[in-house]
Structures are given as structure tokens and as C-alpha cells.
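Me: Please walk me through how to read helix packing, chain shape and a chain contact in a model.

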Amino acid sequence: MELVAESPQLQLTEQGQLRHFLTVEGLSKELLTEILDTADSFISMEQQSIKKVPLLRGKTVVNLFFEASTRTRTTFELAAKRLSADVINLDISTSATSKGETLLDTLKNLEAMASDMFVVRHANSGAAHFIAEQVTPNIAIINAGDGRHAHPTQAMLDMLTIRRHKGDFENLSVAIVGDILHSRVARSQIHALKILGVPDIRIITPNTLRPYDIESMGVTVYNRMIEGLAGVDVVITLRLQNERMQSALLPSQHEFYRLYGLSADKLKYAKADAIVMHPGPINRGVEIDSDIADGPHSVILNQVSYGIAVRMAVMSMAMSGQTTQTQSNGDREANS
Amino acid sequence: MSLWIRGGRLIDPANNIDTVTDLHVRDGKVAAIGSCTDNDAPAIDATGLIVCPGLVDLSVSLRKQQKNSISRETRAAAAGGITSVCCQPNSSPVIDSASVATLLQDLARQGGFCNVWPIGALTQGLAGSQLSEMGALKDAGCISMSNLRAPFENTRVLLRCLEYAASYDVTVFFNAVEHALADDGCVHEGPYATRLGLKGIPETAETVALTRDLLLIEQTGVRAHFGQLSCARSVELIANAQAKGLAVTADVAIHHLFGTDADIQNFNSLNHIQPPLRTETDRLALQQGVQEGIISAICSHHQPHEMADKMAPFAATEPGISGLDTLLPQALKLVASQLMSLEELIARLTIGPARAANLKAGSLGVGDIADICIFDSNKNWQVSPSTLHSSGHNTPLMGSNLTGRVQHTLLAGRRVHPPRG
């Protein structure tokens, strides 16, 4: 039996629509496809001179970043604005809110200001889940990255990138390279690839950066690039944080680059038309060679632009689901 | 003062008794066992009920050394049929001086619901660097010394602690944990930790420390007890040590006999405990260890928290489960599932822990102190804020139905549950 760490009910309405977006795990192929299709429609809209749609007009979106981020926050902000929402950005240092009480107080205050959606990034795994379940269930919560757990919008923009370049998922081999242990992106990507039907998902990493029993998520583990990259259609490299060298997980950046850095001599083992992806920001010469990052296989900048469309899709879908659910809860209370 | 307990099924594993009989309590002690002929004597009708020694709980956290807090939690113990609790030294303040140990017992006596036996800190402030005044702590009533899960500065400090403890016949309670391996993990290192992105604590964090500790115990000859084993291999290590003749005993927290790492699904912080809930294999091995007597005690590992302490993302919540109220009915499930007899189970809740801690408790022989638990093994009840006596409502059992409810608890012959008045 498939192991389930999170039941999907929390993020869905009674009709199965998205009302929060906390994790990819447990969602249906149909729902993920709906997100991709909706995002596609927003991409074509981006070509037009007026980029705004009124889907979130009159709604207030609060970007709650308990952990620093520039790129993700900016794309969320742009996405919300293109949906005509009012946007508030709050950068709250993690140290000031390490106590649960402070986090609760912050959220309750924002709820009292009639916010409609929280986009949450937090250093603790499960933070977005906690807020959706126990703090402000009537506000749509979008997880913008929680600890090592999940980064579902990043995973979905990666899926969109793959679909737009490879057509479908049914016959693909996808390799994820680098620090899987600390990566919320990798976990969400694995769930998404699995649900969308990718038959061959590979992890290429030294054992120090490999999460316990990651195989149970449906991946094959490789320690060596040459074997892991053989014949793949998609190569996803992950960012390597500097502090991994301090905690005895790796000897040096140099050694990591030699063994796991994506360079031309390794990429040649992948299919000739393989695409190369990276969630950013890139450490050139550490996990990826500049020639590859800027080369013909790279779709890294496409990922960034698709990020806005995917976030627009998720935000509009969750807001619609949350509004429906809240109304039906309200009707039920009125009738009882 | 004289009281008869009439018609109950007396189960007293320490004296190998399991029979329907009357029990006579006089002046706080067991005066006689056998039929009562005086129909007018003050009596408790225990027909259809189990009469056993009051339970002995080796691991209870009282958190704050304040009169109302101690009174509330010892009241919960009495309601759970527990008449002796061993109090963890990590209270505020830490039990590392005779005066703190004495104060704790004074406050507990004023409440009067249950015996509270302090466990002294093995090192000053539990800081792991300097020996505590074990002689004074022992004289002040500490039944053992422990550093709990706090780290030692190095293995030499641990060795000195054990040598010193052995000099004064001090029992040392161990919670085996190798900190460098546990790191700041919060759940079992397994597939659930991987999926939820929570930092795992490998099984070896316990077994590596346990192996080292057993070697040091052998070297120093100290009398030792291991608290809250969490994995199958620990049971095996303890069994091997016992087979070699080493004087070691062990207990398990009730949660580890029923929970696994699957219970952290959906980031359920009510199942955030230390050591963490592990696999189904581990759970079954712990049950078997209890059945075979390798693990001679089951404890509540009671850690009452305010709900605010659980209202945060998983890793930021306080670990621990409130367990005094539910220890006995939970444990009775082991009998219902035919893993062991009721007599064997009661041994693990009474004489087993009493012997591990060298307590004069857990036995109802004539002349013994009349600490008595009388319970209905068939009574159903629902765990709810109104049925719990502890201030801690942090239990994953909230809302569930349990079978087995304490009807009367006597402390030295005096009724402490239900309270008079």
C-alpha cells in the first residue's frame, strides 16, 4: 500500500477543488493537469499588452515570508497583482517569530484585517499545514516553501516547463541531482512527477545528502552521474548551500563539482535533446557549469517566467475554492 | 482506622496472588487477607472489580515545582490508580540539591494524593560537566539519579558519575541518547520523516549510547535502569546484558507500545515525543520485551503541556504526551489483545517498577503499606477535557474510547480517589 504522510482533505473543498495549496502529495493527476492548463492560459495572456485579469479583484493577498526570499516573493507579488489583488508584503525575521505564540498573534492580527490569502514561507516543515489546519482555516494558504518539506508552486512550474518542452510525461526519464536531503523542491518535484505519470524518476546524490528511504517515494537512487544521467530527458540540478561543507556532509565545493556538478562531459550521457533545469539561484561552477546554465539545453530562464503563470493559476484556483467552501460553511450554519 | 475491601479480585503479583477475597486495611497497612466476618465494619464494595497494588510510575514530569501544579498532577495520578510517581529532575528548578528534593516532597505531601519520589540530577543543573551532590540527594529522598536526555560533556564525565554513584549504592536511570546522532531531530528517521521533511533521529542515536552505557555499567558495577526504550535493537541489547548477569532493568513509555511513526502523519504534534515513535517492528518488539519481562516496567512518561506549547509547526512544539490519566486503560489493551495475562500486566505496573527503583511499594502482603488501586476492567469511558484530571490535555487519545476505569485509590489506607467532599 502506498504510504501517505498527509491526507489531501485539508487542502481541498468538499467538491475536490483546491482551497489551500500546501503540498503536491495526495493531489490527483486531474487537479495537477488543471493547474498546468490554467497556467498555460495565463502564459498566452502574458503576450497581450494588458496583462491583468480581475480574478482576485477586491481580495487581499499577504506575502508572509518568515524566511528571506527575493525571487519567489517577487513572482508571487507579480502574480497577485496580475490577478488584480491588493498585495501586502511582510518580511518577518525568523528569530522574532521562533515562538509559536508570536506566529499565532501575527496571523490572527492579519486575519482580523480581512485578509483573503496568505502566501507563506517558513523555515519549519509543516508551517503552512499548521496555519491552514489550526490557525486561519478560512484564509486560503499558499505554501511558498516550508523547511525541507514542500515547495509546491516551484514543483508545478517545473512540471509546466517539462510539459511545454517535452509535450507529456508518460515516457520521460527525469534525474534530480544534488542535495536532496535538505531540498523541499526535490520532495515536491518527486510527488508531482509521480502523479503526472513519469515512469523513471532518478535521484543522483552522495549518501550523505540522500533522505532516509527516499526509494519509498518511487525513485531510483544513483551515486554516480554517468550512470544516473544515462539516457535521461530532463536533468534538474539543485542549489547547494555553503553550510553543507561545515556539517561534514561534503568535503568541498570542488569535490562536489567534480563528482556532481553538471558539465558538458557529464551531460553528454543524457539524451541529445535533454533539457536542464534549476530552481535558482544558481551557484555557477558548483552544481552547474556556466556553459551549461547559459547553453542550448538550459531552460532555466523559462522556468522563472512560467513561475508567474503557475502562481497565478494556483492563487486563482485556491481563492475560488476557498470562497466556495466558506460560503457553503456559512449557508450550513445559517440553516442549522 | 480500619477498612475492608470486600469481594474484589485481588491481584498481587509480588505475592503471587490472584483470587477473589477480602482485604483488611488498618492504620495504613495491609492487616489481613481473607473473608471479612464483621458485616458492620467500614467497607468498600469491590465486587466485580480488580484490587491491586497502587501503580508505580517511573517517569513523570511535574514541570513546575509549585504547590497547585504538583497538587493537580498528583491528583491526576491518584485518579489513574497511581500511588507512586518518580519525578524527573528536569523540573523548574532542577532537582540537583537536597533542598529542592525536600521541597518537592513537602509540596507533594501537602497535596496528599500520591507519593512523589524525586529522581536527582546526575550532574549539576543537568549540564553534564560536574557531579551532583549524590550523597545529599540520596539522603533527601532521591531514589535514583539521572541526566535524562541531557548530554554529558564527554564520556569521561559519564564514567566518573557512574563510579561515584556506585560508591554510594545510587541507582542510575539512563535515557540512552547519543546527541551527535540525534542532533536536533524531532521524529524517527523513516519514510514519514522523509516525506514530511522533518529531521529524523536514527535508531542508532539510542543503540550506540546504550551499548556504550552498558559497557560503562559493567566496568563500574553501578546499579542501572534504562528508561523509555524506543526500538527493537535496544530490547535485544538489554536482553543480552541481562543474560550476561548485568544488574540492569528497563522500562518503556506506554506510547511506544501503541504508537508508530505513522502517527506523525499530517504533522500531528500531539505525537511529537522524545524518544520518537518508531516503526511497527519496533513497537512489536517492545511489546514482546514487556511480555517476556526484559522490560519490567511500563511508565506513563507523563509530560503535561499547555495547548499553546503544541500550537506551532511540528518541530517547534514541545515534545511530550500527558499520560497519567490513561496509563492503566491503555496498558489493559495488552491483556485484551492476549499478549499477556492481567497478573503479568499488573506486575509491570507495580512490583516491576518498584523493584527497578528500589521502592517499598507495589506489594500488598500483610504488613505492607496499603497503597491500593481498585478498578473496573470493563468500564468504558471517553477521553475528553472533562474526564482528564491532569492539567495537560496534550494527548493523541483525546476523543477516543478506552476500557478500564479506576474506581478507588487508597494511599496508605486513605482514600485519595474519588476525593472526599
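Me: How are two packed helices described, and what are the angle and the distance for α1(A) and α5(A)?
Reply: Two packed helices are described by the angle between their axes and the distance between the axes. Helix α1 (residues 29–46) and helix α5 (residues 152–166) of chain A pack at about 70°, with axes 10 Å apart. Angles under 35 degrees count as roughly parallel, over 145 as roughly antiparallel, 65 to 115 as roughly perpendicular and the rest as oblique; α1(A) and α5(A) are therefore roughly perpendicular. Axes are lines fitted to C-alpha atoms, for helices over the stretch in contact, and angles run from 0 to 180 degrees between N-to-C directions. Helices (H or I, at least four residues) and strands (E, at least two) are DSSP runs, numbered from the N terminus.
This is a predicted model: local features need pLDDT of at least 70, side-chain atom pairs count only at pLDDT 80 or more, and totals for chains, interfaces and linings use all residues. Residues are numbered from 1 along each chain as its sequence is written, with chains lettered from A and ligands numbered from 1 in the order in which they are written.

Me: Which residues make the contact of α1(A) with α5(A)?
Reply: Leu32(A), Ile35(A), Leu36(A) and Ala39(A) of α1(A) meet Met156(A), Met159(A), Leu160(A) and Arg163(A) of α5(A); contact requires C-beta atoms, placed from the backbone, within 7 Å.

Me: How many helices and strands does chain B have?
Reply: Chain B has 13 helices and 18 strands, and its C-alpha trace spans about 65 × 50 × 40 Å along its principal axes.

Me: How many residues of each chain does the contact between chain B and chain A take?
Reply: Chain B gives 21 residues and chain A 29 residues. Helix α6 (residues 191–196) of chain B supplies the largest share of the chain B side, six residues.

Methods
Contact = placed C-beta atoms within 7 Å.
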